[in-house]
Amino acid sequence: EAGREDEHRAAQEIPGQGGHRLSAIPGVADPVERPEHGGAEGEPHPHRVRETQARDVAPGGDDHHPGVAREQSAQRPEGEPLPQQGPSTLLDTVGTSDLIRKDWSRDRSFFVCDPHGGHVMTPKIIALSPGSGRSQIPHGVQDRFPVEAARRRQAEGVVRECFARWGYQEVIPPTFEFYENLSIGASAELKETMYRFLDQKGRTLALRADFTPQMARMAATKLFDQPMPLRCSYVGSLFRYEEPQAGRKREFTQAGIELIGADTAEADAEVVALSISALEALDLRSFQVNLGQMAFFRCLTHRLPEETLVAVREAIDHKNQARLLDALDQAGLTGNRAKLLKRLPALIGGPDVLEEARDLSANLRDSAGVSTALERLSDVYRLLQAYGVADRVILDLSEVRGMDYYTGITFRGVAPGLGWPVL
C-alpha cells in the first residue's frame with residue numbers, strides 16, 4: 001500500500017498530469033477500496049488508497065458469456081505466481097489519442113486512484129504518453145486496430161480461398177533465416193534493405209525480405225521427393241529497411257503463389273490468370289497487368305559489364321530515356337543492339353509490340369535466343385486470351401525488375417489511383 005501511495009504522489013507531482021485521468025478504460029474494472037494498515041475494518045481511512053482490478057478480455061469470452069470479459073483481481077495469495085495471460089490490453093487515456101499497450105501479466109500497478117475517485121496515470125504510463133520523447137514503435141511499422149485488422153483478415157481470407165480453388169496449398173516459411181539463404185538471387189539493392197542481426201552463436205540471420213528464396217530452399221531441400229509440379233501459396237509479412245512509401249511500410253504483407261517444376265507457357269499463363277482472378281475476387285475492378293519477358297532482356301544485355309547492366313536495367317524499369325542513353329554511351333554500345341535497347345521503354349501495347357521487337361532483333365548475332373523468348377511471350381498471351389483475361393493484359397518488354405533470379409515471364413499489376421503495384 002505504501003508503494004502505491006508513492007506512485008500516486010509521484011503522479012500528482014508531475015506538472016500538467018495531476019488532472020489527467022482515465023475514463024472508460026477497456027480492460028479495467030471498477031475501483032475496489034481496501035483499508036490500509038491502522039484503519040478499522042469497515043471504517044473509511046483518511047488516506048485510503050484505491051486500486052483497480054485488471055480484466056483480461058478473452059477473444060471468445062467464457063463458456064456462458066461469449067465475448068464477455070472475465071475479471072481477475074490484482075491481489076493474490078502471497079507466493080502464488082501471477083497467471084499466464086494472453087495478448088496485452090489496450091488502454092486509451094482521456095485527452096490523448098494514443099493507445100497504450102499494457103501486459104497485465106507482468107505488472108498490475110499502472111493505475112492508482114486519487115482520494116476523490118478519479119483514475120490517475122502513474123509515472124509508468126506518463127513515460128509512454130505523447131510528448132515524453134519515447135517512441136512506442138519503430139519507424140515504418142504500425143498497429144492495426146479492430147476495423148482495419150478485420151478488413152485485412154477478410155482480404156487475406158478471400159485470397160487464400162482463391163489460391164485454394166486453383167489447387168495451391170499454403171505453406172508457412174519462417175520469419176527469419178540465415179542471411180546467406182535469404183540473399184540468394186537478391187539484387188544488391190534488396191540486400192541493402194534486409195534486416196540483419198547476429199544470434200548468440202555469432203551467425204548472421206535476417207528477416208525475410210522476399211518469399212521466393214525461401215520457397216526455392218523448401219522445394220530443393222524438403223519437397224524434392226514430391227510429385228511435380230508443386231503448387232504452393234503463402235501469405236505473410238516481409239521486412240525491408242527502406243523509406244516507407246505509399247502502400248508499403250518497412251513491414252508489409254505479401255500474398256503469392258509458386259508453381260514449381262513446370263517450365264511451360266501453360267504454367268506461365270496459369271500463374272498470370274490466377275493473379276488476375278485473385279484481384280477480381282478482392283473486388284478490384286480497374287487494374288491492368290503488364291506482361292514482360294526477362295529472357296528477352298537477358299539476350300540483349302548478357303555481354304554488358306555488371307555495373308552497366310544495373311544502370312541499363314534501372315533506367316528501362318523507370319522508363320527514364322535520358323539515363324538509358326547515358327548508360328549505353330558510357331558502355332560504348334552501338335549498332336542494332338543499342339538501337340533495340342533504346343527502343344525498349346516504348347515497346348508497350350498489344351501483339352504488334354512483338355512484331356516490332358522481332359523486326360528490330362532480326363540482324364542480331366544471337367537472334368535465335370531473342371526469337372525464342374518473344375515466341376514464348378506470344379504463346380502466353382494467346383493462352384491468356386483463352387482464359388478470357390487478355391483484356392487485363394498489356395505486353396511490356398520494358399518490364400525488367402531487378403531480381404537476379406527472374407529468367408522468364410514477369411508481370412506487374414497496377415491500378416488507377418494507387419501509387420504502388422498490386423502485383
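Start with the largest nonpolar core of this predicted model. Select Leu-291, Phe-296, Phe-297, Leu-384 and Leu-397: of the 58 residues in this core, these touch the most other members. Next, select residues 265–281, which form helix α7. This helix supplies 10 residues, the largest share of the core.

Now go back to Phe-296 and display its surroundings. Which residues is Phe-296 in contact with, leaving aside its neighbours within four places in sequence? They are Leu-340, Leu-344, Ala-357, Val-370, Ala-373, Leu-374 and Leu-397. For a second, separate core, select Cys-232, Tyr-234, Leu-238 and Phe-252, which are among its 11 residues.

The next stop is a pair of helices. Two packed helices are described by the angle between their axes and the distance between the axes. Select residues 335–343 for helix α11 and residues 352–361 for helix α12. Their axes are 9 Å apart, and the packing angle is about 160°. Because angles over 145 degrees count as roughly antiparallel, α11 is described as roughly antiparallel to α12. The crossing of α11 past α12 is right-handed.

To see the contact itself, show Lys-339, Leu-340 and Arg-343 on α11, then Glu-356, Leu-360 and Ser-361 on α12. Of the residues in this contact, two are nonpolar, one is polar and three are charged.

Finally, zoom out to the whole chain. Its secondary structure consists of 13 helices and 19 strands. The chain has 423 residues, and 40% of them are buried. Among contacts between residues at least 6 apart in sequence, 65% join residues at least 24 apart.

Note on methods: Residues are numbered from 1 along each chain as its sequence is written. This is a predicted model: local features need pLDDT of at least 70, side-chain atom pairs count only at pLDDT 80 or more; totals for chains, interfaces and linings use all residues. Side-chain values use heavy atoms; hydrogens and water are left out. A nonpolar core is a set of buried Ala, Val, Leu, Ile, Met, Phe, Trp, Tyr and Cys residues joined through side-chain atoms within 4.5 Å. Buried means under 20% relative accessible area, exposed over 50%, partly exposed in between (1.4 Å probe, protein chains only). Helices (H or I, at least four residues) and strands (E, at least two) are DSSP runs, numbered from the N terminus. Contact means heavy atoms within 4.5 Å. Axes are lines fitted to C-alpha atoms, for helices over the stretch in contact, and angles run from 0 to 180 degrees between N-to-C directions. Angles under 35 degrees count as roughly parallel, over 145 as roughly antiparallel, 65 to 115 as roughly perpendicular and the rest as oblique. A crossing is left-handed if the near helix is turned anticlockwise from the far one by less than a right angle, and right-handed if clockwise. Ala, Val, Leu, Ile, Met, Phe, Trp, Tyr, Cys and Pro count as nonpolar, Asp, Glu, Lys and Arg as charged, and the others, Gly among them, as polar.
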